[in-house]
Amino acid sequence: MKINPMNMSGIQAYQRTQNQKQAQTKAADTKTDKVEISYQAKEMQETSQIDKERADKVAALKQQVQSGNYKADPEKIAQGLYNYYAKK
């Protein structure tokens, strides 16, 4: 005689409930990354007066080079290189 399973939904109901609770707990416990930028860091990101002046100077030098009016001073360049490497 063959016995066919009828309405087997009640088998392992406790285990299924535990698995569902564990899955919900894991989903709730999942941590996410969060970044907060401090006020000081935001201030540092802003463009300073020195950066603006440097950008203006670079733009002026670019214009001189493109127009052909820029004259390099070899003595000044050599002195700058010497001062840079003499510090090390």
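This is a predicted model: local features need pLDDT of at least 70, side-chain atom pairs count only at pLDDT 80 or more; totals for chains, interfaces and linings use all residues.
Local features need pLDDT of at least 70, and side-chain atom pairs count only at pLDDT 80 or more, while totals for chains, interfaces and linings use all residues. Numbering starts from 1 along each chain as its sequence is written, and side-chain values use heavy atoms, without hydrogens or water.

Let's start with the fold. The protein chain holds 4 helices and 0 strands, in the order α-α-α-α; helices (H or I, at least four residues) and strands (E, at least two) are DSSP runs numbered from the N terminus. Of the 88 residues, 0% are buried, where buried means under 20% relative accessible area, exposed over 50% and partly exposed in between (1.4 Å probe, protein chains only).

Helix α3, residues 49–67, spans 27 Å from first to last C-alpha, close to the 27 Å expected at 1.5 Å a residue; that expected span is 1.5 Å times one less than the number of residues. Just after α3, G68 has a positive phi of about 85 degrees.

| Residue | Place | Relative accessibility |

Leaving aside residues up to four places away in sequence, Y70 touches L61, Q64 and V65, contact meaning heavy atoms within 4.5 Å. Between Y70 and A60, 10 residues apart in sequence, the C-alpha to C-alpha distance is 10.0 Å.
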